[in-house]
Amino acid sequence: TDFVLEYYREKLDSLINDSGSEEGFCLGEDDCKELFDESRRMYERYVFLLQIQDYDRVIRDTEFNMALFRFVNRYADNDENKNNLEKWWPYVVRIHAVARVMISMQSEDFESAFKIIDEARERIEGLGEVDAEEFHIERRRSFQALEDLKKELNEKRPETLLDKLKKELDQAIDREEFERAAKLRDRLKELE
C-alpha cells in the first residue's frame, strides 16, 4: 500500500476477518508516530494544492486526514496519542470547506457556496473541546476566515431580482411613494 493509514486499516481488516472482532487492535507509540508523520505530509501537500488551486485534490487530501484523525483517535493505545491530532480539526474542516466553495464558485453556484460555509461553521462549532492552545487559535482563525470568505462571496454575487426589488422598495419608502412601495412589497412576498 502507498499510505501508512491503509496499511493499518488492512491490519485491522485482517484481524476482523481472522477473529471476527477488532478487539486487541491498537496503535502503539511507533504506529502513531508513523501516522502523525503521514498526516503532516498530507497537510503540506494540501496547502500546496490549495495554492495552485487544485481544489479536487485538496478535498481528497483533507478527507484523508480527517479519516486518519478518526482512526488514530479510535485506536491509539493512550490518551495523549488519541488526542494528538484533535487540535487540528477546525483547520482541516475549514480548508476542506474552502476547496468546496471554490469549486462551487467556478460554476457560479453561490447558494451552494454559502451553504458549505454555514455547514463548516456549524461543524466547527460542534467540535468537542480540546485542551490545546492550537485548537482554540485554529477555531478562531477558521471562524474569521469563513466569515471573510462569506463577505467576499457577497461582493461577487450578482444582484438577484429580489435584491433589486428590495432596493427599489427602500427607495420608494425613502421618497414616501407608499403606493409603489406596497406594490413592491407584494411582489417581493410573491417571489419569496
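**View 1. Arg 45, Arg 60 and Asp 61 form a network of salt bridges.** The model shown here and in the other views is predicted. Across the whole structure, a search finds 19 salt bridges. The views that follow include some of the pairs.

View 2. Arg 9 counts as partly exposed because its relative accessibility is 30%. Glu 6 is also partly exposed, with a relative accessible area of 26%.

**View 3. Lys 183 and Glu 179 are joined by a salt bridge.** Here the closest N and O atoms lie 3.9 Å apart. The two residues are four residues apart in helix α9 (residues 178–191), so about one helical turn separates them. Lys 183 and Glu 179 are both exposed.

**View 4. Asp 186 pairs with Arg 185 in a salt bridge.** The distance between the closest N and O atoms is 3.0 Å. Asp 186 has a relative accessible area of 36%, so Asp 186 is partly exposed. Arg 185, at 39% relative accessibility, counts as partly exposed.

**View 5. Glu 29, Asp 30, Glu 34, Asp 77 and Glu 80 form a negative surface patch.** Helix α2, residues 29–51, gives the most to this patch, with three residues. Glu 34 lies in helix α2. With 39% relative accessibility, Glu 34 counts as partly exposed.

Definitions and conventions. Residues numbered from 1 in each chain as written. Predicted model: local features only at pLDDT ≥ 70, side-chain atom pairs only at ≥ 80, totals over all residues. Heavy atoms only, no water. Patch = residues over 30% accessible without salt bridge, like charges linked within 9 Å, V, L, I, M, F, W, Y side chains within 5 Å. Areas by Shrake-Rupley, 256 points an atom, 1.4 Å probe, with all protein chains shown as cover. Salt bridge = Lys/Arg side-chain N within 4 Å of Asp/Glu carboxyl O. Lys, Arg positive; Asp, Glu negative; His and termini not counted. Charge placed at Lys NZ, Arg CZ, Asp CG, Glu CD. Buried < 20%, exposed > 50% of the residue type's maximum accessible area, 1.4 Å probe, protein only.
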